[in-house]
Structures are given as structure tokens and as C-alpha cells.
Amino acid sequence: MKFGKEFASQMVPEWQEAYMDYDYLKTLLKELQRFKHRTKPPATPGGLKRKLTLYRAFSGLTQRHHNPVSPSSPDIESQPILVNSVNRNGSQSYETTFLMSSDEGGEYEMVYFRRLDDEFNKVDKFYRAKVQEVMKEADVLNKQMDALIAFRIKVENPQGINFDRSLEMTRLASDIAASAAALSAATPSGARSASKRAPHLEAIEESTHGQADDDDDDDETEIITPIQEAKQPKPKIKVIRPASLEVLDRVKINNTLETPRSTIKGVLKVPNHTELSFSRENLRKVEEQLKRAFVEFYQKLRLLKSYSFLNTLAFSKIMKKYDKITSRSASKSYMRMVDNSYLGSSDEVIKLMERVETTFIKHFSNANRAMGMNILRPKAKRERHRITFSTGFFAGCAASLVLALILIIRARKIMDSRGRTKYMETMFPLYSLFGFIVLHMVMYAINIFYWRKYRVNYAFIFGFKPGTELGYREVLLLSFGLGALALASVLSNLDMEMDPKTKDYEAFTEILPLILVLFILIILFLPFNILYRSSRFFLLTCLFHCICAPLYKVTLPDFFLADQLTSQVQAFRSLEFYVCYYVWGDFKHRENTCKESGVFNTFYFIVAVLPYLSRLLQCLRRLFEEKDPVQGFNGLKYFLTIVAVCLRTAYSLNKGIGWRIIAWIVSAIAAIFCTYWDFVYDWGLLNRHSKNRWLRDKLLVPHKKIYFGAMGLNVLLRFAWLQTVLNFKFPLHRETLTTIVASLEIIRRGIWNFFRLENEHLNNVGKYRAFKSVPLPFNYDEDDDKDD
């Protein structure tokens, strides 16, 4: 793989704008190369070209040491560039002076170095800012660890057992002295000078106060101290005392768990902090929260380290290309500046990673390094061949069953039988439920495939636990597996006539759809760690939040799932029919009175409205919390949709020209409003002044026609409901038409999903948002003062 592609593949997707623009610099070098080829044709036009090294004077068989040119050497005058550090607007930046601008093609090289400096200053500034951010977060984690250790002492020694700390303090001072001396000796001079300019690198302080035993490992105190160059032969040691229990007097526990109770307290403006209760249950919760905070913090450090390494390597690669094209020796001078800059010489991130590892292993993994590092550095998810094989196997089974179904229908002339109408009114709605689910899962698998192709960080956007997100192969495996089971059930239940002996249908085959639904529910709620338990529980959690919409803080996975449910209205109606048919109907004779029941018709309205109502309540919750009027207009969109769905349902039940006109007008208004919202707010398109006219400035899909095609298809599928109002004449059963319209809406939702998440990803990129904020367990009194 070429370096440019490898460089792009290893970028943090949300930071890609902050990386060196390697492709553009490479383009500038290609222009320079073309210019040189035009002005200096090759000396030997034909024949075999031999390397210049074959014509050099023989250097002998014994090794000769070549002394490099020092900066003070006279040959410094032959250097093509001079790199200086300058201060602009109070910030340090670097500027390269090209000393051979008078040479032929010098203007091309000046443009290249000017852009190269811009890219390096951008990278260096971004890296410096991110390092300062993690240093501030390290200070916050320091305080959290102080409180945790004191809290742990209080829980394990509730009587406040006194013990002598003089021995501990003596050993602590000697450990710090030895550690500081070792760090000073091991740190390069360039790094030490950079450390002077760096923010104060403080420790994540660790101490095991109050332990009665005298074990060295338990009593030692670990501190992240500033790395500074010693001004005297003996480093000045500042003894840091272990955090005392007095810290608990200034600390309260944050109630970060989102529950209906916390929501009601928020409405009533009840403080969200609780007094300390020294119980083992609270200690476990606090440790779990801090554990997640440390894992997330460590991931930031890893990405920062990767960012520094990749950009340094990219500058080295591009300068080597420059040297190769121009036959100059500028890379050494430029890379010397890169190595001495903050980007190349700062080691705060590496030192902080080591301290975080030590802290995490000791306090959160019971001093088990292997277990601790497995949590901090989860292994990349491997693609398993058995998943691919199983997906192909079930896909083949599903395709074979579809072909068998078509052939059996043709051979037995089922479409001409007398029981066809009864089958379409009873069994077809039952089996169509599985079709809706499988189609939605297939669309989601396609979404995942293209999100990965265009580097949309869907796992981060949805908040999946690292390593647990499903790929498109896993989703296709589940969908094809369910599809094969559903098709097998259909094939076993194609009887159009009752048994002449028993005068009914076979009971077992009639309840096969119900058995399959129960099987899906059992799998979904199965507590065992099989069949992607983490993903199943994540889905159930989001589903529960959608049901209790106004009582939980609205996150993107919650409202994204609620939007999916709005496209599954017909599936909810199928579930309602399941209850009515198998509880109150006579399934042995395929007879029911559901459509004539007033209760069924009432719930026919309710189940259609519930997904939109959930989404409306989510918008109102966000309007209350964020005070953003856009959420109010979004809620109005769902209110109009609720009215339109109710009117269309009323027309389908009551008919009449009055219901038809009202349903048509309101549905048209709602569809136009929803379409405009899709394009402008959900997809971020229709920007008249964009670089890509009528689209947006940044596009992940390189072909603009894809966006215009998606907009046209979205409009077409949005208005598929017209069939339910205008009653176009098709030679199909009414249930078949309803299923087709519902399937078109699921396909439209699948298209919407891709562009919605693309827009969310680009918003994250614009704000360099690559991490989720993790709530911390402790709240200090001074934090409240700052908020006030």
C-alpha cells in the first residue's frame, strides 16, 4: 500500500482536517517535476539508463567514515533552505526561507515550502492545543483519584484507624528523589527544553492511605511530576503529602445516572449532588465511573501519540520526495526543525500514558498488568471466516426458498384457489412482519458497508462499546438467518383449503408465525453472552428510552432508533393483528373479526401514532433542555405527521370524500415539510452558496449526482402514501399494496440513514469531536462556585 493511502486509513476520522495535507503537497511536487521535465529533457534519450552511482569513484573495500556537515561548516552556504522560528500573535510558528529562488523553477519550490510551513504550523498548533487539553483533564483526574482513595479508606476503615505515616513519608520522599533523578538522566536535552515550554505536567496522584500492612507495593505513592532540567547537580525535591481524608469534606457525589427520577428533580431544580454515603455499593459505582473515565482518557492519549507519529512520518516522506525530485538535500535541515519542535520533541503524552497505565493497573485491575492493558488497549476486532461462510450459507438458503416458493405457487396454482382471499387477509399480514424486519436489517447492513467505505465513524457516533459494534457481515447473517426461517415457515403453511376430514387447518402450521415471533423475542432478551449480547442490550436500552421518551436525556442513538420505528408503522400494526388473531380469533379456521372490532380499530390508530409521538416527546425534551427553537420546529414536523397518519387511517376505515380531501391536504403539507427538513437539517443539503451548489461544502461521496439522485428518490418515496388516498387501480390485493408501500418507506429510511450519519460525522469533523464526554463521580465545592 502506498504511504498516502496508508496515511489516510490511519487518520482519526474526526481530526482529518488537522492532519498534514499530504495529497496536496504531493500534487505541488508533481507540478514541479513536470516543469523540470519540460525544461530539462533527459541527456540520454534512448537506451538503457544506468544509475549514477555506477560511475562514481570507487571508495575502496574498507569502510570510510564520513563526517556530516556541521552547521558551522562552510558547506552550510550550499544548503537550499533556512528554517527559522518566529512569533506571530503571541504563538510560535516556523518559517522556511528558500535560498535558491533564482534557480530555474524556484517559484514552484517557494510555493511548495510556503504551503509546507502552513501545514506544519497547523499540525503543531493543533497538537499543542490537544496536549494542553489532556493536561487539564489530568489535573481533574488527579482530584478524582484523591477523592477515590480517601473514599476507599473511609469504606475499608470506617472507624478511622490511626496509623503512623512517618515511615511512609520517608519512603515516599526517597522514591520521588530516585524517580526524578532517573527521569532527568533519561530525558534528552531537546525534550527537556521543550518541557520548559510545555504546560505543567502534573501527576495522577496515587496513594494507599490508611492501610495497616507494611507492604511496599501497597504503601508506595505514585506521582506524575513535572519533567524539568535540573539547574543544580542535585534535583530539588518537593515532597507531596498523600491526600488526606479532609478532601471528603469538600466533595459530593454526582448523580450522573439518567433516570425518570433525576429528570423530575431537574424539572423541580433539585440539586443533582448527593451527600457522601460510605458504602461498598457506592464505592463500586465510583470505581466503575472512574474506570470508564481512565479508559476514555487513555484512548485520547493513544490517538494523540499516533497523530504526532503519523504527521512526523508524513513530513519525512514528503521531504524525501522533494529531495528526489529536485536533487537537493533539504530534508535533513527541515526534519531537524521538526524533531526540535513541540510536535517532535514533546514527551508529555508518552509520560502521561505510562502514568495512566500504572495508575489503572494498580487501582482498577488489582495489579494485574495483562488484564489492565487488555482493558486500556482492546484488541482490534478480527473478521472471522465462519461469519462470512454462515452469511453466504443463509443467503443461499433464503434464495433457494424464494425460488421454491415461486415454483410451488406456480405448480399448485395457488393464486387461482378459493382460499387465496382468506389466506391474504389472515396469514399474509402475519408473515409480512418478518419481511419488514429483514428488509430493514438488510438496509442497515448496506448503510454500514458504505459508512465504512467512506470512513464515517458510526461506532463513535452511536456510542458503541469499542470492539462490540456489528459489521455488515454480522447484520446480514442475522437478516438472512431470520429470512430463511420465515420462508421455511411460509413453505410449510401454504394450504389454501381445510382438511376435509377434520374441517380445519393443521394447528401446528397455523401457529408457526407466532412461534417464530416468540423465538425472536426470546433471543432478543436472552441474558447469555451469545448472539451479540452487547448489541442486543444496547438496542433494548435505546428502545426503552424511546418508550419513556420525555423521562430520559435524548441522545443520538435514541432519536435515531425512534426515527427507524416511524418507518415500521405497518410492522406495529402486524403485531397488533398477531394479538387479535391468536387471542380472540379462530386460527384453526383462519377466521377473525378484528377489522369489525372497535377496540382493534382504536388501537389501529394508537400503534400508528406511537413512534411519531415518541419522537415528538424527544423533541420537546430537547427544546426544554437546550432552548433551541429548531427542536420546536422539529416537533411540529412530527405533530403534523401524527395528524396526517390519523387522517389517512380514518379514511382507510371510514372512506368518504370528506375524509379523503382532508387526509390528502394534511398529508401533502406534512410530506413537503418533512422532505424539506430531510434535505436542509438532517442531510445538510440545499445550501445555495456552497462550493458544491445546492449541496454542502464537504461531501464524502465523490459523485455529486448521487446526492441529487438520493434527493429525487427521497421525494418519490415520501409521496408513496398517495396510493392509500388516491386509490390507484392495481391488479393486486389490498394487503399486497399496503406491504409494498411500507417496504418503500423502509427503503427510503435506509437511504436517509446514510446521509443523516454522513452529516453528523462531518459536524464532528468540523468541531474535531473524536471523544465522548464521560461523567465523573465526584464534584468539588469549588466546581460549584465556578458554575455560580
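The legends below describe close-up views of a predicted model.

View 1. Among the bridged residues, L82 has T97 in strand 2 as its partner, while N87 is bridged to Q92 of strand 2. Two residues lie between the strands of this hairpin, in which N89 takes a positive phi near 55 degrees.

**View 2. Helix 3 packs with helix 9 in a right-handed crossing.** The axes of helix 3 (residues 106–156) and helix 9 (residues 331–340) come within 12 Å of each other and cross at roughly 15 degrees. Because angles under 35 degrees count as roughly parallel, helix 3 is roughly parallel to helix 9. On the side of helix 3 the contact is made by L116, D117 and F120, and on the side of helix 9 by Y334, M337 and V338. By residue class, this contact of helix 3 with helix 9 comprises five nonpolar residues, no polar residue and one charged residue.

**View 3. Helix 18 and helix 19 pack at an angle of about 100 degrees.** The axes of helix 18, which spans residues 512–525, and helix 19 are 8 Å apart. Since an angle from 65 to 115 degrees counts as roughly perpendicular, helix 18 is described as roughly perpendicular to helix 19. In the contact, I523, L524 and F525 of helix 18 meet R536, F537, L539 and L540 of helix 19. The residues of this contact of helix 18 with helix 19 divide into six nonpolar, no polar and one charged.

**View 4. Helix 19 also packs with helix 20, at an angle of about 80 degrees.** Helix 19 (residues 533–547) and helix 20 (residues 556–566) have their axes 9 Å apart, and the angle between them makes helix 19 roughly perpendicular to helix 20. From helix 19 the residues F538, L539, C542, L543, H545 and C546 take part, and they meet P557, D558, L561, A562 and L565 in helix 20. The contact of helix 19 with helix 20 holds nine nonpolar residues, one polar residue and one charged residue.

**View 5. Y19 and Y307 form an edge-to-face aromatic pair.** A search of the whole structure finds 46 aromatic pairs, and in the one shown here the rings of Y19 and Y307 lie 4.8 Å apart, centre to centre, with 70 degrees between their planes. This pair links distant parts of the chain, as Y19 lies in the loop between helix 1 (3–9) and helix 2 (22–39), whereas Y307 belongs to helix 8 (residues 280–326), with 288 residues separating the two.

Key: Residues are numbered from 1 along each chain as its sequence is written. This is a predicted model: local features need pLDDT of at least 70, side-chain atom pairs count only at pLDDT 80 or more; totals for chains, interfaces and linings use all residues. Side-chain values use heavy atoms; hydrogens and water are left out. Two strands pair if DSSP finds at least two bridges between them. Helices (H or I, at least four residues) and strands (E, at least two) are DSSP runs, numbered from the N terminus. Axes are lines fitted to C-alpha atoms, for helices over the stretch in contact, and angles run from 0 to 180 degrees between N-to-C directions. Angles under 35 degrees count as roughly parallel, over 145 as roughly antiparallel, 65 to 115 as roughly perpendicular and the rest as oblique. Contact means heavy atoms within 4.5 Å. Ala, Val, Leu, Ile, Met, Phe, Trp, Tyr, Cys and Pro count as nonpolar, Asp, Glu, Lys and Arg as charged, and the others, Gly among them, as polar. A crossing is left-handed if the near helix is turned anticlockwise from the far one by less than a right angle, and right-handed if clockwise. Rings of Phe, Tyr and Trp (its six-membered ring) pair if their centres lie within 6.5 Å; planes under 30 degrees apart count as stacked, over 60 as edge-to-face and the rest as tilted.
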